[in-house]
Amino acid sequence: MVAVAQHPNIEMITYAEVTQVKGYIGNFKATIKKKPKYVDWDLCTGCGTCAEKCPTKKLKDEFDLGLGLRTAIHKVYPQAVPGKFYIDAQNCTKLTSGKCGVCEKLCPAQAIRFDDKEEYQEVEVGAIVMATGYDLFKWEEAYGEYGYGKYPDVISSLHFERLVSAGGPTGGKVQRPSDGKEPKSVAFIKCVGSRDDTKGKSYCSRACCMYTAKHAYQVKDKIEDSEAYVFYMDVRTAGKNYEEFYQRSLNAGAKYIRGRVSKIYPRGERLVLKSEDTLLGRPLEVEADLVVLATAMVPSEGAGALAKAIGFSSDKDGFYQEAHPKLQPVETFAAGVYLAGCCQGPKDIPDTVAQASAAAVKICGLFSKNELATEPMVTQVDVSKCSGCGFCVPICPYNAISLEPIQERGHHGPFTRNAAQVNSSLCQGCGACLPACRTLALNLKGFTNDQLVAEVDALCL
Amino acid sequence: MKKRVGVFVCDCGTNIASVVDTEKVAAAARQFPGVVFATTYKYMCSDPGQELVRNAIKEQELEQVVIASCSPRMHEKTFRKAVEDGGINAYMFEMVNIREQDSWVHHDREQATQKAIALVRMAVSKVLRNQPLQVSTIPVTRKALVIGGGIAGMQAALDIAEAGHQVILVEKEASIGGKMTQLDKTFPTMDCAA
């Protein structure tokens, strides 16, 4: 992360979103919305005086998924890059009610700006990497048998990561969210939302088998006299050194049970998991202090809208569609737009890094050229036939068609009217506009109406 | 423009030839208006296969080429290049998909062959109306935009930046790092994620 921040060729714009992308390969114009941070980052030294004195202290920390607390002015986490503070406007007393302003008075760098506003910046780039990542499947909305999120000791794997992390809210000590006690029995349920057509997604999220093996190992390693139960459908360890790692977890004493958990309910302070062991063909009941759900990866919020704005497609699950599943795994259908990481489909860190480097190489290849050749099979407009109705404009998935005024001569002298114009760099030659044209003014070079009719004639006559 | 079409029917090993009678397709093609040459070959995409196309263009003075083989997603670029190397415009070429859209989805040899013949007839009829098309060029802005500052975005940004190009990295949170920074140790090496 620090390498990114320090690299002279990288301009980092955080707390910002890309809202619009226009243009085409080699020549994109992107609009970046910078959200107000209420702190001048050119001045902020990251000293932390503001957060120390901020009176709004009991906000749930999103980074710790609500397991820890934070102040209204805060960093995402202590080692954040850049290591600057920003104000959560929804919870800041000054910004919501006008009172307070303690941080402004105390900031030694005088960096607080309560009048900070949203800013828009337009940038010109030649290529784009989509690396929008993933979110976790909202199991609380789908899995009633696991309590719809009402049991505090039924948590997701990412919560568990925060609990075992030395930088987490418990300093790496595994504790139950409900009472802070160390759990002696931890149950893991895999494929929550993954490989579940009825309640979740049909696909496998690929990383869960391995991180659950890691979690079970960590339970055995960190907690004395502990039990780690893993409820699984299959154990998938396709990766270098993965199977060995799974064996290490088994050797540490993790108990793998092949079966789905059908119900979780409380019994005293503990939770009961009703399941079956399908290898023994027997119903089964396990008592646990903590239950960890390996939830599916889903595309991150807003990913679909961004794909639409740029002009490429997503698959049935909302992941970005690669141009070819085997031969073009990092390209999209929009030339010059490449994919990296989980936005294209669930994957683990090694695969993500490999794909990101692949996307980078594609771009370096593109940038090694002075100019690019464009596909000549694009739509052309016969202006004399175009009525300017504009039906073709919204149909074009690449935003390549626009209505532009043209000068013409009529009986009463020159006049101006609108006619369709095709940006041949944007047009991908898909032909979607042709059926929309009622006057046959549009023709796709290489697939002209005349050619298509000739083909049909050859078949039918 | 002269109408001198050459038709090349690919066996694709046994992928096509086991279901479609390629010789029969070539023989039928010779009867189509405009066709002056038709032949088959085991792998038209291979070096000798492309050589066959290039030589035929020169020897038979072909003006249009139809290649009946696999999906254009597979080898359209390959054949465009071969046609261009043979000396005619790369867009005076039509590809007929008699593999994915014929031999791979049918069993009846006679009917599949008839379908291949019909598809070739369509392509010949179309290629006779093809116009030479010219590739144009556009400039390139040597600057990349990376959307998302997780491990994928950071890796891509670093690699592009290391190659000497400018990168703009946009992240929606106030810090880069993404989900990875929330992780503790990572499998299978148990090294630290942050």
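Me: What covers the buried residues of α11(A)?
Reply: This is a predicted model. The cover over the buried residues of α11(A) includes α5 (109-127) of chain B.

Me: Which residues of α11(A) are buried?
Reply: Start with the general idea. An α-helix has 3.6 residues a turn, so residues three or four places apart point the same way. Now the case here. The buried residues are A:Gln451, A:Glu455 and A:Ala458. They lie on the same side of α11(A), because they cover an arc of only 65° around the axis.

Me: Which residues are exposed on the other side of α11(A)?
Reply: A:Asp450, A:Val456, A:Asp457 and A:Cys460 are exposed there.

Me: What span should α11(A) have, and how far apart are its end C-alpha atoms?
Reply: Helix α11 of chain A runs over residues 449-460, which is 12 residues.

Me: How do I read a pair of packed helices?
Reply: Two packed helices are described by the angle between their axes and the distance between the axes. Take helix α9 (residues 349-367) of chain A and helix α6 (residues 151-162) of chain B. Their axes come within 8 Å and cross at roughly 35°. The crossing of α9(A) and α6(B) is right-handed.

Me: Which residues make the contact of α9(A) with α6(B)?
Reply: From α9(A), they include A:Ile349, A:Val353, A:Ala356, A:Ala360 and A:Ile363. From α6(B), they include B:Ile151, B:Ala152, B:Gln155, B:Asp159 and B:Ile160. By class, this contact has 11 nonpolar, four polar and one charged residues.

Me: How many residues of chain A are in contact with chain B?
Reply: The size of an interface is often given as the accessible area lost when the parts come together. 84 residues of chain A are in contact with 60 residues of chain B. On the side of chain A that touches chain B, α9(A) gives the most, with 12 residues. That side has 49 nonpolar, 21 polar and 14 charged residues.

Me: How many helices and strands does chain A have?
Reply: Chain A has 11 helices and 25 strands. Its C-alpha trace spans about 95 × 70 × 40 Å along the principal axes. Of the 461 residues in chain A, 40% are buried.

Me: What share of the contacts in chain A is between residues 24 or more positions apart?
Reply: Count the contacts with a separation of 6 or more; residues 24 or more positions apart account for 63% of them.

Note on methods. Residues are numbered from 1 along each chain as its sequence is written. Chains are lettered from A and ligands numbered from 1 in the order in which they are written. This is a predicted model: local features need pLDDT of at least 70, side-chain atom pairs count only at pLDDT 80 or more; totals for chains, interfaces and linings use all residues. Helices (H or I, at least four residues) and strands (E, at least two) are DSSP runs, numbered from the N terminus. The expected span of a helix is 1.5 Å times one less than its number of residues. A residue is buried if 20 or more other C-beta atoms lie within 10 Å of its own, exposed if 12 or fewer, and partly exposed in between; C-beta atoms are placed from the backbone. The arc is that of the directions from the helix axis to the C-beta atoms. Two residues are in contact if their C-beta atoms, placed from the backbone, lie within 7 Å. Axes are lines fitted to C-alpha atoms, for helices over the stretch in contact, and angles run from 0 to 180 degrees between N-to-C directions. A crossing is left-handed if the near helix is turned anticlockwise from the far one by less than a right angle, and right-handed if clockwise. Ala, Val, Leu, Ile, Met, Phe, Trp, Tyr, Cys and Pro count as nonpolar, Asp, Glu, Lys and Arg as charged, and the others, Gly among them, as polar.
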